[in-house]
Amino acid sequence: MDDTTPVNWEALDALVVDFATSETLIEQQPQESLMDSPASPSSPPSPSSSSVSSSSSSYRSRLIIRQIRRCLAAGDIDAGIDLLRAHAPSVLDDHRVLFRLQKQKFIELLRKGTEEGRDAAIDCIRTALAPCALDAYPEAYEEFKHVLLAFIYDINDQSSPVANEWSEKRRCEIAGLMTSVLRAHLQAYDPVFAMSLRYLISIHKTFCFRQGTKSPVSDLTERLLMEVRDPPAVPQESFYEAPPFDEVDIQALAHAVELTRQGAVDSLRFAKGDLFQAFQNEICRTKLDMPMLDELVREYCVYRGIVRTGFVASAECKVNQSEPGHLPSRNYSLDVDQATSVPSDGENSVITMHLDVSSENDIDANSRPETDIEMRHASESTGNCEDCSTSEVQQPEISKHPQRSRNYTSGERSKRKRWRGRQDEQEYLSGVAYSACSKQDLDAVIARTNISGEQQVVENHSTEDLNNMDDKYEIVLGIKDLAVRGMATEVVERVNALDPNFFSQNHALLFQLKQVEFLKLVSAGDLSGALKMACSHMGPLAASDPSLLKPLKETLVVLLRPQEQMLGKCLPLNALANSLQLAIGQRLGIEEPQLMRLMRAAIHTHNEWFKLQMCKDRFESLMRIDSLKELETPLLTACSMSRSSADNSAQGSSQVTTSSSARLPEDGTSPTQDLSRDVCAESAILKVMEFLALPRADAIHLLAQYNGNAEIVIQQIFA
């Protein structure tokens, strides 16, 4: 399987940051609190805007749903009902839902095995369960009479007719059902990244199974996406008279989320015909291993420079102001860069650092004084650093003076956020009883941000190891930042100082950096300097590496049209920076994040799957998968003067600057769609898919054997 499929990492950055922010995994400023937005349902997403409801769904609503789920799964039905009454009372107006809750409450009361529990169960039958059974749904009264057998048969009797009612699996079923109902009711869908990851992994696993190929990321996909699903939310009876849905929508939904045709119809009924809302309802029924996903996201964020590396030291500090003004008396949390090694023997030491006051009420940002801190070393230093295994390549030695390697990245590092983990949910679960709580209670919990999520002990690493590891990240991120800003000369100098042999083994990267220098000189009108630079650097590189000769010729064509506006589009600096980060990181023993490996494989199989289906993915834009495929124009392609030279130049650079050949045209068609039209009519494809419950690709192949005649295909199958 191709593991070099290009991915727009900047688009993935945006999705990951949205996920981490929505789940409060990274520290938020007070004004950025996710609790500020109301938990009211948002309008369904429209296909034209390809919007999803994650931007409007409330973190608070998701937290409430998780709490209700835990209550029901633990058998505390009263607490779950109280939370429903407090936060989603209209859900209880559906007597089908209320009947299932009361039936489970009856079982839980009997499960206590006490006289008080038995009396409470009888009271539950008289006052709640029996009245609900009369008008919940046609089978409810029979279910009511059946569950009464729990009075007679013991909980441990596995052969009893009510063994399933006694099973704790019933708790999980009712908890999953309520999660599905509440998610749609509150429009509290997971962030886009979590949904798109579910979708891509599902397609990846299906593709590998059907093609009989082994997945290169099975170690991740098997653990990350769980097989179990929550029960679907059942549409109310009034929805059963809905007008017939478009068969195209039914088949698209059924095959996207692996439903039967009737399951897809029911899902559309529940969503009142909204295909995209139905898709979100169904994709969120699948479960992800959230602790594993959080760790993958954290690893990616550290690698990409989204969150800070380093460790947090607990310290007592004395503030010595260097400018007029005063700081309020309080305890300050310090983010300690490893600018000075902390002694490991527990002896006292004094470290002078810079204090960044981040309290919203302390000092105005524009007049914030620089403050020196005299910090007395505490007994522990903890961290959240990356465990980078060493590669086989001999690694250049990193300076043992971290401050020198950090000077050029301190500004960028200060812009990065701090990883904090799922503290809000843990504090809420441990600090709030299983009972209804007010919005103020939840707001207070979520507003308490601290840095304990970072304070995890890093085992098997000495302080020097942590410093060295952190330095590697900062060095690579600093070089990447220079490349993004087009500072090619500085990049070359920095890399040569780090590893003089790097460019001798990476000619293509050096050539692209020299291209950037060349184009900047041409853009500035210095044609003589550009030619001189090409003769002294690019020419010798092309002479030593014949594959660079054609790119050199096409680069020189720019001299004929030195237009600044055009040249600005000739610099795919992000792609070049990503390529440099990967190559230099590997030299330093920094492994590529697992999430990048997973996304590369998933995007590849998504492309291949829809080639087999001979159609465009209806949900690609909704899940932002299209943005992951939208790559920068290759350096040479953008600078070429003709279409033919552009086609040839796409193969002259390194793989990271190659556009994806699988991207669909703007009109939404694809060569495979044209092929399917040539083979048979769309109506025939849908007819075979509907009657034979076949995937689209199989239906097309069958029709191709019988000249596109759907009736003959169906007759042959049933003959």
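**Salt bridges and a helix pair in a predicted model**

Author: In this predicted model, Arg 62 and Glu 23 form a salt bridge, with the closest N and O atoms 2.7 Å apart.

Reader: What makes the contact of Arg 62 with Glu 23 a salt bridge?

Author: The cut-off is a side-chain nitrogen of Lys or Arg within 4 Å of a carboxyl oxygen of Asp or Glu. The N and O atoms of Arg 62 and Glu 23 are 2.7 Å apart, so the pair meets that cut-off.

Reader: Where in the chain do Arg 62 and Glu 23 lie?

Author: Arg 62 belongs to helix H2 (residues 59-73), and Glu 23 to the loop between helix H1 (9-22) and H2. The two are 39 residues apart, and the pair links distant parts of the chain. Both Arg 62 and Glu 23 are buried.

Reader: Why is Arg 269 called buried?

Author: Buried means under 20% relative accessible area. Arg 269 has 18% relative accessibility, and therefore counts as buried.

Reader: And why is Asp 266 called partly exposed?

Author: Partly exposed covers values between the limits for buried, under 20%, and exposed, over 50%. Asp 266 has 23% relative accessibility, so this residue counts as partly exposed. The side chains of Arg 269 and Asp 266 meet in a salt bridge at 3.5 Å, N to O. Both lie in helix H12 (residues 261-270), three residues apart, about one turn of the helix.

Reader: What are the relative accessible areas of Lys 687 and Glu 711?

Author: Lys 687 has 29% and is partly exposed; Glu 711, with 40%, is partly exposed. Their side chains meet in a salt bridge, 2.6 Å from N to O. Lys 687 is in helix H31 (residues 682-692) and Glu 711 in helix H33 (residues 710-718), so the bridge ties together parts that are 24 residues apart in sequence.

Reader: How many salt bridges does a search of the whole structure find?

Author: The search finds 39. Salt bridges that share partners join Glu 23, Arg 62, Arg 66, Asp 294 and Arg 422 into one network.

Reader: Why are H4 and H6 called roughly parallel?

Author: Helix H4 (residues 95-111) and helix H6 (residues 140-147) pack at an angle of about 5 degrees, with their axes 11 Å apart. Angles under 35 degrees count as roughly parallel, and H4 and H6 are therefore given that description.

Reader: Which residues of H4 and H6 meet?

Author: From H4, Phe 99, Lys 103, Phe 106 and Ile 107 meet Ala 140, Glu 143, Phe 144 and Val 147 of H6. By class, this contact has six nonpolar, no polar and two charged residues.

Conventions: Residues are numbered from 1 along each chain as its sequence is written. This is a predicted model: local features need pLDDT of at least 70, side-chain atom pairs count only at pLDDT 80 or more; totals for chains, interfaces and linings use all residues. Side-chain values use heavy atoms; hydrogens and water are left out. Axes are lines fitted to C-alpha atoms, for helices over the stretch in contact, and angles run from 0 to 180 degrees between N-to-C directions. Helices (H or I, at least four residues) and strands (E, at least two) are DSSP runs, numbered from the N terminus. Angles under 35 degrees count as roughly parallel, over 145 as roughly antiparallel, 65 to 115 as roughly perpendicular and the rest as oblique. Contact means heavy atoms within 4.5 Å. Ala, Val, Leu, Ile, Met, Phe, Trp, Tyr, Cys and Pro count as nonpolar, Asp, Glu, Lys and Arg as charged, and the others, Gly among them, as polar. Buried means under 20% relative accessible area, exposed over 50%, partly exposed in between (1.4 Å probe, protein chains only).
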